[in-house]
Amino acid sequence: MATEPATGTVDATGPGAAVPRARASDAERAETAGTVQDAVARGLLTHDEGSERMAAAFAARFRDELPGLTADLPPAAAPPRPSPPGWPQLGSLLVAQVRHEASAARAGGLQSRRVLVAALVTVLLVGFLVSVAGLALAGLSGPEAFGGFDGGGFDHHEGFGH
């Protein structure tokens with residue numbers, strides 16, 4: 001099969017029977033270049049080979065010129081599905097946030113608003129933890145920790161609306 005690059009036709013059956021070649025779009029060129037770039041990143045091609053193939057991909061005029069640039073490359077492995085964040089991930093995010101806030105407060109100095117907010121949050125958190133720990137040590141949990149109030153319901157409004 002002979003190709004005539006100037007006319008963009010492929011001689012499919014012999015002299016005189018020419019089939020028009022399909023032109024490559026910018027999206028197809030970019031997809032091929034992305035595949036080549038990924039191959040360079042995975043170490044399958046050297047930087048020079050990748051540069052040459054990417055230049056050829058962007059210079060390609062017809063679709064049939066593009067597959068040859070990636071034919072010898074194995075397909076990329078499917079990326080692993082990200083797992084939903086669990087408590088360990090949330091805990092590590094909290095620790096990272098606290099560290100960032102502490103370093104920003106140190107950088108701002110003692111007179112900064114950030115130090116005041118950090119101190120207030122720390123006092124509230126410690127107070128909450130002490131009260132919860134006190135209730136747990138006293139053996140109170142559930143409704144009796146709140147003076148017998150169990151959330152009520154509609155039955156505690158006897159006579160209302162009847």
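By class, what residues make up the lining of the largest pocket? I will start there and then go through the rest of the chain. Keep in mind that this is a predicted model.

The lining has nine nonpolar residues, two polar ones and three charged ones. The pocket itself, the largest, has a volume of about 400 Å³. It is lined by 14 residues, and those closest to its centre are V98, E101, A118, V121 and T122. Two elements give two or more residues to this lining, namely α4, residues 87–108, and α5, residues 113–137. As background, empty space is found by rolling a probe the size of a water molecule over the atoms.

Now the overall layout. The protein chain contains five helices and three strands. Along the sequence the pattern is β-β-β-α-α-α-α-α. The chain has 162 residues, and 15% of them count as buried.

Next, α5 again, as a check on helix length. Its 25 residues should span 36 Å at 1.5 Å a residue, and its end C-alpha atoms are 36 Å apart, so the two values agree. After α5 comes G139, which has a positive phi, near 80°. A general point about helices: with 3.6 residues a turn, an α-helix has residues three or four places apart pointing the same way.

Take A39, which belongs to helix α1, residues 26–41. Is A39 buried or exposed? Its relative accessible area is 0%, and because the cut-off for buried is under 20%, A39 is buried. A39 and A76 are 37 residues apart along the chain, and 8.2 Å separates their C-alpha atoms.

The other is R53, in helix α2, which covers residues 47–59. R53 has 18% relative accessibility, and it counts as buried because that value is under 20%. For R53 and G68, the separation along the chain is 15 residues, and their C-alpha atoms lie 9.6 Å apart.

Last, the rings. How many aromatic pairs does a search of the whole structure find? The search gives zero.

To go back to the opening question, the lining of the largest pocket has nine nonpolar, two polar and three charged residues. That is the end of my part.

Note on methods. Residues are numbered from 1 along each chain as its sequence is written. This is a predicted model: local features need pLDDT of at least 70, side-chain atom pairs count only at pLDDT 80 or more; totals for chains, interfaces and linings use all residues. Side-chain values use heavy atoms; hydrogens and water are left out. On a 1 Å grid over the protein atoms alone, a cavity is a set of points where a 1.4 Å probe fits but cannot get out, and a pocket is an open set with protein on both sides within 12 Å along at least five of seven lines; lining residues have an atom within 4 Å of a point. Grid points are joined across faces, edges and corners, and a volume is the space filled by probe spheres set on the points. Helices (H or I, at least four residues) and strands (E, at least two) are DSSP runs, numbered from the N terminus. Ala, Val, Leu, Ile, Met, Phe, Trp, Tyr, Cys and Pro count as nonpolar, Asp, Glu, Lys and Arg as charged, and the others, Gly among them, as polar. Rings of Phe, Tyr and Trp (its six-membered ring) pair if their centres lie within 6.5 Å; planes under 30 degrees apart count as stacked, over 60 as edge-to-face and the rest as tilted. The expected span of a helix is 1.5 Å times one less than its number of residues. Buried means under 20% relative accessible area, exposed over 50%, partly exposed in between (1.4 Å probe, protein chains only).
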